[in-house]
Amino acid sequence: MMDVLMYLFETYIHSDVELNVEQEKLEEELLKAGFHQEAIYKALDWLEDLARLQESDSYTHIEPSTSTSMRVYTQQEIDGVDTACRGFLLFLEQIKVLTSETREMVIEQVMALETEDLSLDDLKWVVLMVLFNVPGQESAYTQMEELLYTADVGITH
């Protein structure tokens, strides 16, 4: 499913091409590109949930974290997000790319992927997609884009 999401993000969303394509035509294009029907359906559902972030205020109850606060992961989250990925999320919070609110959005979207083999690169794409869909996060999106497209030289987390 991540391949489908990355394809759609790079082809339509990130390239500023308007996504006024009917779902049937989009599904047909993705099938022609070699993606499996089930992965296409899951990706489109995931994107619909992601698009709701633009309209949602369901995260407004999350208080901004302080420098002494720490996110405790559930066992299900630990199983779905490995140590390197959790460390990277912490790093993004420390450099102010993610807030406690956007971190929770990322974790929710990662868990919705229902994947057992989430890579650090996959996580970076999810973070980028979430930040793209959250109003007011343009600066954080730009920073994340730079982190995604530049080599990790000198970056430690």
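This is a predicted model: local features need pLDDT of at least 70, side-chain atom pairs count only at pLDDT 80 or more; totals for chains, interfaces and linings use all residues.
Colleague: At what angle do the axes of helix α2 and helix α3 cross?
Modeller: At roughly 135°, and the axes come within 10 Å. Here α2 covers residues 23-32 and α3 covers residues 37-51. Axes are lines fitted to C-alpha atoms, for helices over the stretch in contact, with angles from 0 to 180 degrees between N-to-C directions. Helices are DSSP runs (H or I, at least four residues), numbered from the N terminus.

Colleague: Which residues of α2 and α3 meet?
Modeller: From α2 come Gln23, Leu26, Glu27, Leu30 and Leu31, in contact (heavy atoms within 4.5 Å) with Gln37, Ile40, Tyr41, Leu44 and Glu48 of α3.

Colleague: And how do the axes of α5 and α7 cross?
Modeller: Helix α5 (residues 83-94) and helix α7 (residues 120-133) cross at roughly 40°, with axes that come within 9 Å. Ala84, Cys85, Phe88, Leu89 and Leu92 in α5 meet Leu120, Leu123, Lys124 and Val127 in α7.

Colleague: New topic: where is Lys96 found?
Modeller: In the loop between α5 and α6 (100-112).

Colleague: Is Lys96 buried or exposed?
Modeller: Lys96 is exposed (over 50% relative accessible area), at 65%.

Colleague: What about the phi of Glu114?
Modeller: Glu114 isn't a glycine either, yet has a positive phi of about 55°. Glu114 sits in the loop between α6 and α7 and is exposed, at 66% relative accessibility.

Note on methods: Residues are numbered from 1 along each chain as its sequence is written. Side-chain values use heavy atoms; hydrogens and water are left out. Helices (H or I, at least four residues) and strands (E, at least two) are DSSP runs, numbered from the N terminus. Buried means under 20% relative accessible area, exposed over 50%, partly exposed in between (1.4 Å probe, protein chains only).
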